[in-house]
Amino acid sequence: MGNSNADLQSFVSTADLSTKRYYVVMRSTTGKIAVATGATSKICGVLEDGGLATTVGCTVAKGGRRKVIAGGTVALNDRVKCDSTGRAITSSASTDHTLGFAVTASNAANQYIWVDVEIDNNDRK
């Protein structure tokens, strides 16, 4: 499974995110990157690497096929959102803000899955 560098963007983080690689992230109210905190988080992408401090940049994948840490059982082709700790879980509500579609499955939390990133924050009018 491959990634495209064209889908990567650099940001500054709100905190040390060095242990949050492959977690779902959002933009904070200050425009910095933070770990996403639930189904209504305005998803920004997947953290590819995290800065050690708030003055150090981090890289976020905003598209493509990405490795993501799962928060539980996820089936192939499930639409995924994030749980309260930024891990990917199956989305079941049409109002959820979602990251994309799982192209591999997990049978437990903290396993890696691949997701085709197609962010949907329900911004359509």
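Tutor: Start with a term: buried means under 20% relative accessible area, exposed over 50%, and partly exposed in between (1.4 Å probe, protein chains only). This is a predicted model: local features need pLDDT of at least 70, side-chain atom pairs count only at pLDDT 80 or more, and totals for chains, interfaces and linings use all residues. Residues are numbered from 1 along each chain as its sequence is written, and side-chain values use heavy atoms, with hydrogens and water left out.

Student: Is D7 buried, partly exposed or exposed?

Tutor: The relative accessible area of D7 is 25%. Buried would need under 20%, and exposed over 50%. So D7 is partly exposed.

Student: Which residue forms a salt bridge with D7?

Tutor: A salt bridge is a side-chain nitrogen of Lys or Arg within 4 Å of a carboxyl oxygen of Asp or Glu. The closest N and O atoms of this pair are 4.0 Å apart. D7 sits in the segment before strand 1 (8-12), and its partner is 59 residues away, in strand 6. Strands are DSSP runs (E, at least two residues), numbered from the N terminus. The partner is R66.

Student: Which residues form one network with R66?

Tutor: R66 counts as buried, at 1% relative accessibility. Its side chain also meets E48 in a salt bridge (3.9 Å, N to O). R66 lies in strand 6 and E48 in strand 4, so the pair ties together parts 18 residues apart in sequence. Shared partners join R66 into one network with D7 and E48.

Student: Which strands stand at the edges of the five-strand open sheet?

Tutor: Two strands pair if DSSP finds at least two bridges between them. The order is 6-10-9-7-8, with antiparallel pairing. An edge strand here has a single partner, so one side is left without a neighbour in the sheet. The edges are strand 6 (64-69) and strand 8 (88-90).

Student: How many bridges join strand 6 to strand 10?

Tutor: The two strands run antiparallel. In this pairing, G64 stands opposite V117. The number of bridges is six.

Note on methods
Helix = DSSP H or I, 4+ residues; strand = E, 2+ residues; numbered from the N terminus.
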